[in-house]
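Reader: I am new to this structure. Please show me how to read it, feature by feature.

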Amino acid sequence: MSYVPHTDADRAEMLAAIGVERVEDLFHDVPASSRFPELRLPEPLSEMELMAELEAMSEENMDVGHYPSFLGAGAYNHYVPSLVDQIISRSEFYTAYTPYQPEISQGTLQSIFEYQSMICALTGMEVANASHYDGATATAEAVIMALNVARGRRKKVVMSPAVHPEYRAVVRTYTQGVGLQIVGDEVGSRSLHDVASLVDGDTACLIVQTPNFFGQIEDLSGLAEQIHAAKAMLIVVVDPISLGLLKPPGDDDADIVVGEGQSLGNGLNYGGPYLGIFACREKDMRKMAGRLVGQTVDADGKRGFTLTLSTREQHIRRERATSNICTNQALCALAAGVHLAALGRKGLRLLAELCYHKAHYAAAQIDALPDYEVLAARPFLKEFVVRCPVPVSEVNDYLLAEWGITGGYDLGRDYEHLAGHMLVCVTEVVPRGDIDALVEALAEVAEEVGR
Amino acid sequence: MKADFGIRCSGAEPVIYELSKPGRMATTLPQLDVPQAALPDAALLRDDVDLPEVSELDLMRHYVRMSQLNWAVDIGFYPLGSCTMKYNPKVNEAAARLPGFARTHPYQDVHAVQGNLRLMHELQEMLKEVAGFAGVSLQPSAGAHGELTGVLIMRAYHVARGDMQRTRIIVPDSAHGTNPATTNMAGLEVVEVPSDARGNVDLAALESVCGETVCGLMLTNPNTLGLFEEQLPAVMELIHGCGGLVYGDGANFNALMGIAKPGELGFDVMHFNLHKTFSTPHGGGGPGAGPVGVAELLVPFLPGPVVALCRCEEAGCDCQEEEGVHYHLVMPEQSIGRVRSFYGNFGVLVRAYTYMRALGAEGLREVSEMAVLNANYLKTRLAGVLPVSHQRTHMHEFVVKGIYPSAPDVHALDISKRLIDYGFHPPTNYFPLIVPEALMIEPTETESKETLDAFAAALRAIGEEARDDPELLHEAPHTAPVRRLDEVRAAREPILRWQGG
């Protein structure tokens, strides 16, 4: 099965029309010594056999549907309403290409325009693009944009250590060839205030995250003023669900807002495909990367939508483009747009509050255990840090083996000073019974493993 | 006039905010089952968020109606050159939605996600085999992302050897715009080389820029003219001879499966476009996946984590099991680092894996053979209609000059727009830049002879219209949901979000 429709007669007719005898004759430009290599691959399977094998493979996993999970750390288990998958499963959306021909792509274009509009509303920013690969690459592109806004004259980037460790790693990967000084996160425990004080006249941008990687809500008031005084840009990494409740970074004068949009209508999918949210100010939009959809009119004066400001992009500007990005995550952005519209003004707030109350209930119960402590120096939304009496890996092994529970993220993986600390995430999908089970299990861990 | 749009010309679909009415909602949320906690200080909170409020039915109708304004592979022929708009098999979608895959968290312990890791490892192995490479990283999420990864790998290789002066990347003038844009992102300098009269890289020009400052060459093969590089061994010798590396842009790999292995042809690194060659859907512009394959000498520099297999009975395995096989996530020792969060677009990887397992070795070779047969057949059918850029045997695509000899005022754009009225998506137009009025046509292997014949007939008929009634073409399309859009206005007075009714 190769999804090829040709009959033998078709092939013969086509070869005759071309004027060759055999298909092999079409490949004479390929060096003869390398032509038609053997491929050692598994034998092809029928659809039925293939699905049986894939199902079996998928069942080797302990998925969050069967094993209650308290993992977050940048990938969140939120409920995805059924209508989201119904819409993104429509062939007209998912088998279309990038909307280069606007006359026959109004569906994709308008849905992106609506997504851009809703992201602007959510973040309090003026312009949002059609998406990046994920939150980490959106953050890296934000750094590159800040460097471009500074016309390459500023070579220092300041990052809070409380920005997701993988996002910080990706910023370093992306910029390894351009000779930057990246500072701020060498000390894992550095406060936002101390990080901000590193911004100087050579700094292109400061990157902060709220709620930060530890789940804590950062207070951004007055921060932009300080950063702008040094003529640097403030980049804020956000979680879109939290923005149902929290003040948008636009209100705190952020210059660029980025984030992981997976929480909106996209499942966990073992880390991808996800959705990079990217929003900025109108004055900087010509320096931003990625696709933008704009509203215009057609030859009859009727409203329509088209890709616009594309002179920033690689297919026109080549080496002077703002980025090499072309493919983005349009279908994930569609899912996010559908989810946002389904929740609407009231629903997003309610969803954020559900997470808030459940996370606080869980935190209070865990904090009441004799051997555990919740670090609650700052307010949090759906994630919080727990100091455990035994190494987190041992806690998690016990939880999974004895209780079928997937525990939280081991912060010691990334932060030396947080060895033995677990990042616990509670969203609306976790019923009270599962929280109570976690609390009971943690108490048992302290007894059994701690002994 | 064959294009069929459900609500064509029936009036514009409102923007979702225009459907909003306070108090409506299109989903339900569970009751709170825990005590309420005090909310944080009001200074941290917002009063309101300006999202639309719609009912579930209104929401469905809105999106379904919008979907009907789109062209798509499942509606009709989509011969976009360089984009490989082949059929997206439905079993792929079913596979990616299996709950055991879809509901796994990227930070679960590796022992809890062995199914995922096995799939990823087998996909790494299959991609290595098909392209003749020693290592693959699945992390890059798109073609351009794979390019950036590949160029950073080449740079890291030279840097690790202390060869710091290698800062130039050679890019042929037929290359995708992403090649020079990527080079710039990586902090390297672009050196463009021209193509010769047969559409190959101009060897003399290439030789003149080779030297000890060359980091590498980015080569698309077959190139964007749809032509296999005739002097490939000489190109490889020049670049490798001056100490450079050769990057393969895998956008056109649909021509090569079972035909030749890029690794054996001398390429040191290449990205795969799983959303082209391996049939995963384009999604209206993503998500795709752009895994990168490398030759032995570049394996340590791959981005990670990558999936490694450990046989438990062998020394060095830390699973503490007596026997069996386990999969782990490892970071290559001199890795350029992560290029995104987590491990790649896993959902896309599942689809590509499903495709490769459905086809096997023979099926993949048949794909490339038939893609090339289709392109050459369609080119033959267009003889005497539109001039082809180069008189050679083509691979999976070809470029014609979009000018009918009898109608010089009708341009490639007009032909493209008129094709819409005939029920076809236009080819890629005005690319590659080295062919004036380029129309780049890639039929793919999943299209039937009947479709190709109908497309050729349409271009022939449009040629007659161009001669007899050029205005008809200048004003096309006539049957699409909207007419030509004022793109100048869109760029001069940007309206990038809904700003109220």
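Author: Start with a strand pair. Strand β2 (residues 168–172) and β4, both of chain B, run parallel and share 3 bridges. Strands are DSSP runs of E of at least two residues, helices are runs of H or I of at least four, and both are numbered from the N terminus. Two strands pair if DSSP finds at least two bridges between them. One bridge sets B:Ile169 against B:Gly216 in β4(B).

Reader: How is the numbering set, and what kind of model is this?

Author: Residues count from 1 along each chain as its sequence is written, and chains are lettered from A, ligands numbered from 1, in the order written. The model is predicted: local features need pLDDT of at least 70, side-chain atom pairs count only at pLDDT 80 or more, and totals for chains, interfaces and linings use all residues.

Reader: Which strand does β4(B) join through 5 bridges?

Author: Strand β5 (residues 245–249) of chain B, in parallel. There, B:Met218 has B:Tyr247 as its bridge partner.

Reader: Is strand β4 of chain B buried or exposed?

Author: A residue is buried if 20 or more other C-beta atoms lie within 10 Å of its own, exposed if 12 or fewer, and partly exposed in between, with C-beta atoms placed from the backbone. In β4 (residues 214–220) of chain B, 7 of the 7 residues are buried, so the strand is largely enclosed by the rest of the structure.

Reader: What is the order of the open sheet of 3 strands in chain B?

Author: β10-β12-β11, with antiparallel pairing. β10 (398–401) and β11 (428–429) of chain B are the edges; each has a single partner strand, so one side of each lacks a neighbour in the sheet.
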